[in-house]
Amino acid sequence: MSSRVFASLLLLSPLLFSDKNPPVQPIPFSHKTHVAIPLKCGDCHAAPDPGEVMTIPSAAKCMACHRTIKADSPAIRELTAYAEQKRSIPWVRVAEIPSWVFFSHKTHLDSGAKCEACHGPVAERDRLAQEVDLSMRGCMDCHRAHKATVDCAACHELKN
Ligand code: HEC
Ligand code: HEC
Ligand code: HEC
Ligand code: HEC
Ligand code: HEC
């Protein structure tokens, strides 16, 4: 490898290894294809009471369509196997924060926030990556912009 090629690879590496690089998923599911059907986010992502956590649909739900649609494609055969064996699909999570941080979808959706504000243009993506900063800094920037709380205790349990 020439040193120039090597140097440009080094320059690219922060991009290649950032969170914006979509992980390889066990089944090549595309949001773009499915939102265009059209399906709404809420058709697949329910937030059961108290609405803090979203859910990802089980393979059985996908089979409502895929028992017939593309039933012979390799990807759908794999999906069918998960459904028949009642195994959950080991999706690689892209939006995840540590469990010790308080976060509620309901609070944010009730205040008018759209999915895209935190998850980016999901409807345009074949493969998801976490494109919006959901680190503490990302939370704080939006809270400041909306005059929401930046109290440590709002997001963290304080030990005394
Ligand atoms: C409302 C019906 C519907 C539901 C529900 C649905 N799909 Fe699909 N899916 C489609 C349609 C339509 C296509 C596009 C088929 C085509 O390209 O002809 C598709 C395409 C796909 C493909 C690409 C298949 C290929 O080989 O080209 C995959 C993989 C897939 N879906 C996975 C899923 C998964 C996983 C779920 C559940 C989370 C799901 N689908 C739920 C209708 C649905
Ligand atoms: C047909 C069902 C379906 C629809 C409709 C759908 N999703 Fe998904 N969603 C999935 C599946 C399956 C996964 C897991 C695979 C993946 O990450 O691509 C997922 C993953 C996600 C994730 C990543 C969660 C994580 O932590 O890994 C986000 C965020 C998301 N969806 C948001 C949306 C939004 C916003 C919409 C509407 C624009 C939407 N989804 C519409 C099925 C769906
Ligand atoms: C204010 C920011 C924000 C908004 C708005 C938002 N999300 Fe999320 N979402 C997050 C965060 C943060 C996580 C990670 C939560 C965790 O790991 O506990 C997440 C996780 C998810 C997950 C993975 C399951 C879970 O709850 O951990 C899905 C699916 C998802 N979001 C879908 C959606 C959809 C669909 C919408 C719109 C209806 C939406 N989100 C709106 C910030 C947001
Ligand atoms: C899109 C802008 C936005 C982002 C990004 C965002 N928030 Fe918020 N958050 C808000 C707004 C606005 C409120 C106030 C809602 C209300 O009071 O009705 C809020 C309220 C909260 C509350 C409730 C505070 C209380 O006690 O009333 C918590 C906890 C919280 N956010 C945590 C987080 C965390 C953790 C993240 C990052 C993973 C985050 N938020 C990212 C806009 C955002
Ligand atoms: C709006 C929500 C929010 C508020 C307010 C908030 N944090 Fe955080 N904090 C987070 C999130 C999300 C993480 C985990 C993601 C990360 O590491 O950036 C985190 C992580 C941390 C960590 C661990 C850092 C690490 O690298 O492991 C510390 C320490 C911390 N916060 C302290 C504070 C203190 C002190 C305050 C008050 C000045 C505060 N936080 C206010 C959301 C918040």
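Which helix supplies the largest share of the shell around ligand 5? In this predicted model, that place goes to α8, which contributes four residues. Altogether, 14 residues surround ligand 5, and the closest are Ser135, Met136, Cys139, Cys152 and Cys155. Sorted by class, the shell around ligand 5 comprises ten nonpolar residues, three polar ones and one charged residue.

The surroundings of ligand 3 can be read in the same way. Here 18 residues surround the ligand, with Met54, His108, Ala113, Cys115 and Cys118 as the closest. Two helices, α6 (105-110) and α7, each give at least two residues to the shell around ligand 3. Of the elements involved, α7 gives the most, namely four residues. The class count for the shell around ligand 3 is 13 nonpolar, four polar and one charged.

A total of 22 residues surround ligand 2, and Leu39, Cys41, Cys44, Ala95 and Cys115 are the closest. Two or more residues of this shell come from each of α2 (31-35), α3 (41-44) and α7 (115-119). As for residue classes, the shell around ligand 2 holds 14 nonpolar residues, five polar residues and three charged residues.

How values were computed:
Residues numbered from 1 in each chain as written. Chains lettered and ligands numbered in written order. Predicted model: local features only at pLDDT ≥ 70, side-chain atom pairs only at ≥ 80, totals over all residues. Near = placed C-beta within 6 Å. Nonpolar A, V, L, I, M, F, W, Y, C, P; charged D, E, K, R; others polar.
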